[in-house]
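Let's take a walk through a protein model together. Have the sequence and the 3D view open, and follow along.

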Amino acid sequence: MPETHRTRLLILGAGPAGYTAAIYAARAGLKPLVVAGLQPGGQLTITTDVENYPGFAEPIQGPWLMEQFRAQAAHVGAGIMQDVVTEIDLSARPIRAKGDSGDTYLAESLVIATGAQARWLGVPGEKELSGFGVSACATCDGFFFRGKQVAVIGGGNSAVEEALYLSNLAAHVTVIHRREAFRAERILQERLFAKPNIRILWNRVVEEMLATEGKFRALRALRTQDVQTGAIEDLPFDGAFVAIGHDPATALFRGQIGMDADGYILTEPGSTRTSIPGVFAAGDVQDRIYRQAVTAAGTGCMAALEAEKYLAHLPATAPAIEAWT
Ligand code: NAP
């Protein structure tokens, strides 16, 4: 039987941003409701070791960390729904959302924390080796490849920045790009060209990711193809970083809220306020630069504090939540 849930603060997304917003809002007495979405726990649930989330001296597991976020949010009183919002009307007051379950959500304010997803090449072996030599985040996983041979695939700012970052850790970095020119900013390219331990393979695509034999499979090599000659070459690597862009999960909000050309939600500088009063955005959905769990958690905290302030200034004449239909 479909139900209607009424809340002062609805939070869409259950990654570090959404759960942190929920923890702060619950402790402020707002009784927030989190709708967890398609990938509860977010991108950290598809990583293994996490060594850069502050507060843990030893490496921790991404899925374990997200379970701790969830348990903490539940413990302080946030409601958590295993549902996926498929429709939303940001112009209605209360804001009205519909879930895949058939349930309706009515909210006085909203935090959008639906995250972003790295784009993957979609080649054989990539999915199976993700977390076992294949990654989409050098800042997260580069440390595991100290002194090793790594590849970065892509030619934009992310790929060049990741290659520069990795060149300080790995013995050698190979950038594999499908064209003969980067789209990255000139200054980044110049830094890249100046690094003695970075080489660039132009006009190459990765056709397949090859695994080691045996029980514990890890990346062994990349099967590449020269797009001009058609020549196939297997290149041995310990790690491969796919850096071909990210897609923010914002299709649901298109046409309703201010976004940039790539679909990232626009927020006021130094704030999580969006173009719509009472709607806040936190985490990777509004961040194309840092994309870290700790920065997502930070903006989640900001969103809850800003929502609290917004709700405190709503006219006292607004109908009680129980009266909403
Ligand atoms: P991007 O600019 O869209 O670049 C993606 C790169 O991956 C392109 O070089 C593209 O090749 C390549 N690519 C895409 N699909 C591919 C595929 N299937 N196979 C092989 N290669 C593929 O993405 P981004 O570098 O993540 O940057 C996204 C946005 O964030 C940009 O606006 C960027 O400026 C910004 N950004 C800024 C900073 C900064 O300011 N420090 C840092 C990171 C990102 P082609 O060139 O052939 O299309």
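**Around the ligand**

Sort the shell around the ligand by class and you get three nonpolar, seven polar and six charged residues. Here Ala, Val, Leu, Ile, Met, Phe, Trp, Tyr, Cys and Pro count as nonpolar, Asp, Glu, Lys and Arg as charged, and the others, Gly among them, as polar. Before going on, bear in mind that this is a predicted model: local features need pLDDT of at least 70, side-chain atom pairs count only at pLDDT 80 or more, and totals for chains, interfaces and linings use all residues. Residues are numbered from 1 along each chain as its sequence is written, and side-chain values use heavy atoms, with hydrogens and water left out.

Which residues come nearest to the ligand? Of the 16 around it, they are Ser158, Glu161, Arg179, Arg183 and Arg288; being around it takes a heavy atom within 4 Å. Now look for polar contacts (pairs of N or O atoms within 3.5 Å). A ligand oxygen sits 2.6 Å from a side-chain N or O atom of Arg183. For Asn157, again with a side-chain N or O atom, the distance to a ligand oxygen is 2.9 Å. Gly155 uses a polar backbone atom instead, 3.0 Å from an oxygen of the ligand. On its own the ligand exposes 910 Å², and the protein buries 75% of that (Shrake-Rupley areas with a 1.4 Å probe).

Asn157 also belongs to helix H5 (residues 157–167). Helices are DSSP runs of H or I with at least four residues, strands are E runs of at least two, and both are numbered from the N terminus. The axes of H5 and H6 (residues 186–193) come within 10 Å and cross at roughly 35 degrees; axes are lines fitted to C-alpha atoms over the stretch in contact, and angles run from 0 to 180 degrees between N-to-C directions. In the contact (heavy atoms within 4.5 Å), Asn157, Val160, Glu161, Ala163 and Leu164 of H5 meet Leu188, Gln189, Arg191 and Leu192 of H6. That makes five nonpolar, two polar and two charged residues.

Next, find H1 (residues 16–27) and H7 (residues 293–312), whose axes come within 7 Å and cross at roughly 35 degrees. Their contact includes Ala17 and Tyr24 of H1 and Gly300 and Leu305 of H7. By class it has 11 nonpolar, two polar and no charged residues.

Finally, visit two loops. Between strands E6 (85–89) and E7 (95–99) lies Pro94, joined to Arg93 by a cis peptide bond with omega about 0 degrees. Asn203, between strands E13 (198–201) and E14 (204–211), has a positive phi near 55 degrees. Most residues other than glycine have a negative phi, and most peptide bonds are trans.

Technical notes. A polar contact is a pair of N or O atoms within 3.5 Å; within protein, one must be able to donate a hydrogen and the other to accept it, and residues adjacent in sequence count only if both atoms are side-chain atoms.
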